[in-house]
Amino acid sequence: MVDDDAMARRRFTVTAEIELDVVDAAALERAALAYIDEMVFAVDDDSEQAQEELRAAEREDVAGDPAAALSLLLDPDAIVEVDGVEVGGAQYSVGETGADGRSRSVSPDFAELFDACECGLPSCEKCGGFQVTPRTAAVLWTMAALLADQAFDDVIAHGDDPVGSAELWMVFDAFPRITWRQDAIWRRQAARSFDDLRADLTAGQWPQPSCAAEEMALHLMLTTAQAAVTDGWSGLEDRFSELPEHPDDLDWGMLVDVLFQDTDILALFDPSRDGIEAPDDDENQYLGMGDYTPSAWFRPFDNMSPRDPRRPFRR
């Protein structure tokens with residue numbers, strides 16, 4: 001029999017595009033700052049000092065940036081006020097466009113940074129192996145920014161609250177269950193992992209994870225990128241439409257092979273292998289996984305250089 005609730009509840013995706021003209025950037029920024037002043041952050045340390053530090057980070061984020069102010073103030077759920085409808089999730093982005101409708105958002109010159117070769121000569125080192133191409137780099141860079149924003153949104157919305165099925169999470173419910181009770185400090189570091197990989201791409205480097213948190217971030221970047229390309233919102237149709245095509249474009253399977261040292265972290269999603277994250281677990285030792293307990297997620301792998309510990313958080 002078909003469950004009555006399943007018959008009554010059907011999921012739809014609504015895609016909307018809204019063009020807004022910012023006619024008074026100063027007024028917009030004032031509105032964003034006023035909104036920030038009223039924000040209450042969900043964290044263990046709810047002292048006024050801790051709250052003010054988080055507000056200061058939000059103020060810095062919107063200062064002189066109308067797109068950031070709009071992202072803060074807009075509420076995509078508000079357009080769905082219909083009887084018999086519940087919002088199951090929403091995501092949106094804000095980017096500046098010119099009079100011709102094309103994006104003005106500043107992005108790296110991926111064609112130059114990831115100059116892919118097609119000469120086919122046996123002596124060519126580039127053609128002899130797989131290449132991260134301009135189109136691939138552009139999509140991954142875009143997904144890294146999107147996921148970083150959503151992860152920081154999770155931190156602001158939920159703080160130290162454990163991930164639960166009844167709550168709306170943007171990113172951290174897609175992490176292994178062993179991370180679901182980590183605090184806001186841990187989650188901010190995990191959110192920064194998306195930005196760390198994005199910084200690699202901005203510098204023209206392949207996004208190769210240097211720690212477990214970056215492995216998780218890159219897996220989500222690849223999954224989201226594949227969905228974005230399939231559904232037509234990756235940016236390749238407009239923002240990055242002029243980037244040259246290449247046979248190695250968007251080869252998700254090869255990207256997993258060349259960007260990761262291994263895929264051991266995916267074992268954490270298998271309930272039958274609970275405990276495998278601990279270095280003293282028998283299966284862990286047999287596979288040579290190493291320490292995948294949450295406290296070790298930001299520890300650099302032995303064969304990778306550590307990130308600059310003084311690098312900032314975007315929020």
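Tutor: One term before we start: buried means under 20% relative accessible area. Also keep in mind that this is a predicted model.

Student: What share of the 315 residues is buried?
Tutor: Take the cut-off of under 20% relative accessible area. In the protein, with its 315 residues, the buried share comes to 36%.

Student: How many helices and strands are there?
Tutor: Reading along the sequence, you get the pattern α-α-α-α-α-α-α-α-α-α. The count is zero strands and 10 helices.

Student: Is Asp-238 buried, partly exposed or exposed?
Tutor: Asp-238 sits in the loop between helix 8 (212-231) and helix 9 (252-259). Buried is under 20% and exposed is over 50%. Because its relative accessibility is 46%, Asp-238 counts as partly exposed.

Student: Which residues gather with Asp-238 in a patch of negative charge?
Tutor: Asp and Glu count as negative, and this patch lies on the surface. Gathered there with Asp-238 are Glu-17, Glu-19, Asp-21 and Glu-237.

Student: Which side chain of opposite charge is nearest to Asp-264, and how far away is it?
Tutor: Asp-264 is in the loop between helix 9 and helix 10 (282-287). Asp-264 is buried but has no salt bridge, and a salt bridge needs the atoms within 4 Å. The nearest side chain of opposite charge is Arg-273, at 7.1 Å.

Student: Which residues is Asp-264 in contact with, leaving aside neighbours within four places in sequence?
Tutor: Contact here means heavy atoms within 4.5 Å. With those sequence neighbours left aside, Asp-264 touches Met-289 and Tyr-292.

Note on methods. Residues are numbered from 1 along each chain as its sequence is written. This is a predicted model: local features need pLDDT of at least 70, side-chain atom pairs count only at pLDDT 80 or more; totals for chains, interfaces and linings use all residues. Side-chain values use heavy atoms; hydrogens and water are left out. Patches are made of residues with over 30% relative accessible area and no salt bridge: like charges are joined within 9 Å, nonpolar side chains (Val, Leu, Ile, Met, Phe, Trp, Tyr) within 5 Å. Accessible areas come from the Shrake-Rupley method with a 1.4 Å probe; for residues, only the protein chains shown count as cover. The place of a charge is taken as NZ of Lys, CZ of Arg, CG of Asp or CD of Glu. Helices (H or I, at least four residues) and strands (E, at least two) are DSSP runs, numbered from the N terminus. Buried means under 20% relative accessible area, exposed over 50%, partly exposed in between (1.4 Å probe, protein chains only).
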